[in-house]
Amino acid sequence: MAFQTNVFRDGEWRTETVHISTILQKSAATPAAPTPVLPEAPACGILTRTLVQSPLVHWILPTHLRSARYNDVAFVGDHYVQINELGDGGELRKVLRKDDFGARIQNAHVIGNTFERLEAGDSEVAFGQLKEEDDEAQMDANLGLRPSPSSHAALPPHLLLLVLANGTLVFLFVRRLGERFEFVTSKFRHPDARLGTLGYHVAVDPKSRYIAVADMENTFVVYELQSWETMSQQYSQHSSISPVKSWSPRPVNGLVHKMEFLHPRPEDDYHVILLLVILKHGASAPKMILYDWERGDDVRQILAEDKDGHRLPREHRMPLFLIPLTIRNSFFIVSENSLAVCKDPLQGPPQYVTVDAGAHPKTRFHYGTQPPMWTAWDRPVRRRGYYDNKDNIYLAREDGVIVFFEFDTIDLLATGMNVGNCNSNISTAFTTMYDAFSDVAIISGDSGPGMVCQLRPRKPIVELGIIPNWSPTLDFVTTDQSTSWRGDAGQRGAQTSRWSEQYRDQAARHDRIFCVSGTGIQGSITELRQGISANIGWEIAYDTAIRQAWVFEAQLNDIGPGYYLLLALPDSSDILQVPRDSLEASRPNPGGPDFDTTARTLAAAQCSEQIIAQVTESAISLITPLQSSRQPFSSFEGVQGNAEHATECILSGVWRENHPYMAVFPMDNEGKVTPSLTRLDADVTVATGIGSEPSQPSAPAGPTVEPITSIALVEEGDATTSIALGSRSGHLITLMLNCNDPSQTFISRERIGILFSQTLSCLVVAMKVGPGQTTIAFVDPDTGENLSMPTDKDSNPLPFINGLGLLDDRIHDMFEWLYVKEGKTWLFIVITTRDGQLLIITTQRVEVEDADGRVSEKIRHWTRYKKKVADQAIYAGVGDGADLFFCAGNILHWEALDLVEKKLKPKKTFALPSPATSLRIVNDQLCALTTNHSLLVLNHKAEGRHDEMTFAHSDVGSRKASHYIEMGNSCEETPAWPITLISEQTHDFVGVWVPWKEPEKEFRIVFKGRLPAGVRRLRRGHVRPAWMAPNNMPRYGHIPSTVDAADVLAICMDGSLHHFTLLSPEALVVLELIQKLAVQGRSDDSPTARLSHANGTEPPAMAKARRHGHVDGNVLQRCLDKRALEALLSAGDGADVLLRDALENLEGGRWTASFGGQREKYVDLAYEILEYFLAPVF
């Protein structure tokens, strides 16, 4: 078939006949357009590890786990046991810590008598005075605590019992190995898996013969323990113990509410009494059931008897505590609104005598609407035999009230006395110990810091120390300048450089970490830092307040080696000497060291073994064994001195004629000084020579520099020395000392803030004050000073800015908005509230003069714009240029701020399936994290849709997410980073990839995992110290978390801090293999032991982790700490071959090319890889 058509050819239109076959042939010959190559999801795994353990303490237990001479106390949390020693004055000295249990600690108890003090003749030992180690075992044996086979194989007086969440019983004590201590651990797992995970309730027989462990319902088990003699023999022969002798399970048709062993009468030492409160299925009230037997009886037969029990009184149907009393088999029952004593429960129907606890008004540490509840109890330590005919109990309430009760054996009448109120709330972690004069309470709250305090009869409580606690943690920030995985490119940037190209600049950063924690009056801001703790060595009484102290090693006249102790007092100084082998301090004899004691010491340093430099308010002194020299500041006319550092070239910041100067005192070989003065002004170059007259600036002064407040040595070389000076005005000045010619450079101060704002240079905290009024505070991150100055728009002071200060309101979100329009940028802080308010706040730094004429800097802030959404809470928001997005209820709003009309103008809306708690702009699209439907991605700029946004991407399931963050090391599209890490409200997290170029496609899951606790916030930050950064260059399959070398961190509600590391598939194989070996071969006593599994396969949790690409760094850390790889690879099951193959596949075999099949080199490489991935982060 043919047809005619017009064609334009050779510059003119022509009519031609064209056959259809010709058209089809040409069409077939035309090359098809290339199919676009879509980005691919990265292949990777994830390594997590705990950087900071939760400070939350659930149990504080006094226990002699080392020997009777140590006054030790065990702090037990979810995953750790910390042994501390209580010293004189209430000081807690850290002894030993264990956190490698592999499962959460569900319950803890001490086996042994914890409330009988050592005999009077041994009291000096009890207070920690040193004895020879070989006397330790004999001393314990003399106390009748247990037989002692030998000094090196003797059990301590107590064992610590832990019940893990997987049902394992762990028995712990501590032994000495040379100069250090270590835990000895014995585990028992009930062979009958049908019993489930016991441990919700734990009770220990007062005579340490039995323990009872119960589930919440259906079952409890009574375990008979070996005698101390038998366990001592076990330990002497095998260096380990097996405490469990037999067990007797008992099914329960109901809920076990309480379980305790009662005390036998003194004459019935053989008697065992077990008390349970059980709510049977279908019953309307719980009943009290008693089982009693004599040691040696068949416990299974005793428990097989069905007992009806006795109903509890109506006011005690759900008791908080059943406290066994040491007299008449009785117990003290504590309920929410009533206290009573149950007399002689074995002598017929129980009789309850009400106890009057007295009136105790709630304190300022109470948080909640209901009356405060009793949360803990303890029996104080008394001499042996004291509790035969009486009993003492401390009862603690959650708001800090402590009440003391005394019971007598005749009629069990209780006498209650309010000991006082401590400045802390009290959780279940409460105990009392003893010192030389009184009881000492050790308290840990579940909201804010705990404390150590002295409980004195009829006197106020004396606070001795603080126990740090930053849980519950509600939020945290780093001072990182960026929030995006792209680094400096931000949300809209197009940065494409690799991580390695960013390394040098980023390694110099060091961001700080701040978290907001606590509730009520104990709400606080805490900075998380790592360091080396120091225990107190000297305790010297001194009558005058001490500002600062310095210790110098010296040869004391007529004494020998020792120390000088230089004390800075409020208006003078003092010098003491302490011999090296003594704790006795005295003043040096006349003619001794000539320290300046007439003025307050500001700084001091030991320049060498022979020279000590001292800077006071009036002079600089050099003290040597033979002679001393002094240079008064009065030699400079009109000078007043202030110094912070002293070195061989002594520097002092002085104030003369309203200008700051640096006094430089170079020393010669004889310790003599020749001073010079250098005037310090901003943006001025100064040259100076040695002499008493100050040099003058060669140019007009720049910005005013106020007095010098700190001096630090930056770098010291053979020819030059770099010095950094800080001023009260905030200037940071560097001095380069070159012989006698220093040069000066002015550097503007660094500014940081919780919102990463260089403008504000402070933390911005949302909080409640007074009766529950919402407000924000601007806090100096260095001093903790509140810089807030709320005003109206006309600068009139207000208690709260417009929109805040409302009762029963709550701030849901707070973020910084850089409003950009027409090339101009304005800084706003945006606040959203439960009451439906959206506040746009402006800030301004101002100087304020108080009534005394002192000038301080404040941050004035006021409400610039306000929007109210009726009957809807505004949960989250984000700013993007001139646009503002916020979620009110389930509706997502897009509005724009009009500066001319001074109001927000609506643009689009979108109905979400559940409220959004976090909003962010990523890849020019709007990401909304919802409460019930995970992360949603919306195209808010969809063409042709002028009145609403369009759906772009969603998760594969409906997760209840808590937060999210992007991770990735490259902006290139092959593979297409980032991975989005989403944390759930449970302990789980997931890494997903968003197919940005495939609209309406679901996320693709890359990895899954689980943490020990639920995540509150995910942040990024350059938290590694500069000296540590070179060791973090990517290798061994490490994929950097961000383009600019930042780390990704997570804070949990319990205060624990966790770290995330991306792994290449090859690195994932290596670390998964080591993890699998470590879990199957985990043992706390010997790395060579392997746990047996019933089916011979890996544990289900481990198999799940392997399939999901998650490696638990805490497991790897235990393997590394014990150097257990050799033992784990020695079983002959082919694990060494698997590890060799995995290492040879790592980065193309670059790390194993020269090994030549030598097994030890592969093991060494595996250790190097573990050390690299588990290196400290901050």
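Mentor: Let's start with a charge over a ring, which here means NZ of Lys or CZ of Arg within 6 Å of the ring centre and within 35 degrees of the ring normal. Arg-860 places its charged end over the ring of Trp-862, 3.7 Å from the centre. Likewise, the charged end of Arg-1123 lies over the ring of Tyr-1167, 3.8 Å from its centre. This is a predicted model, where local features need pLDDT of at least 70 and side-chain atom pairs pLDDT 80 or more, while totals for chains, interfaces and linings use all residues. Residues are numbered from 1 along each chain as its sequence is written, and side-chain values use heavy atoms, without hydrogens and water.

Trainee: How many aromatic pairs are there?

Mentor: A pair of aromatic rings is described by the distance of the centres and the angle of the planes. Rings of Phe, Tyr and Trp (its six-membered ring) pair if their centres lie within 6.5 Å; planes under 30 degrees apart are stacked, over 60 edge-to-face and the rest tilted. The count is 24 aromatic pairs. Take Phe-1155 and Tyr-1162: they're edge-to-face, 5.1 Å centre to centre with 90° between the planes.

Trainee: Are Phe-1155 and Tyr-1162 buried or exposed?

Mentor: Both Phe-1155 and Tyr-1162 are buried (under 20% relative accessible area; exposed is over 50%, partly exposed in between, with a 1.4 Å probe and protein chains only).

Trainee: Which residues do ring pairs link into a cluster?

Mentor: Trp-817, Tyr-819, Trp-826, Phe-828 and Tyr-865 are joined that way.
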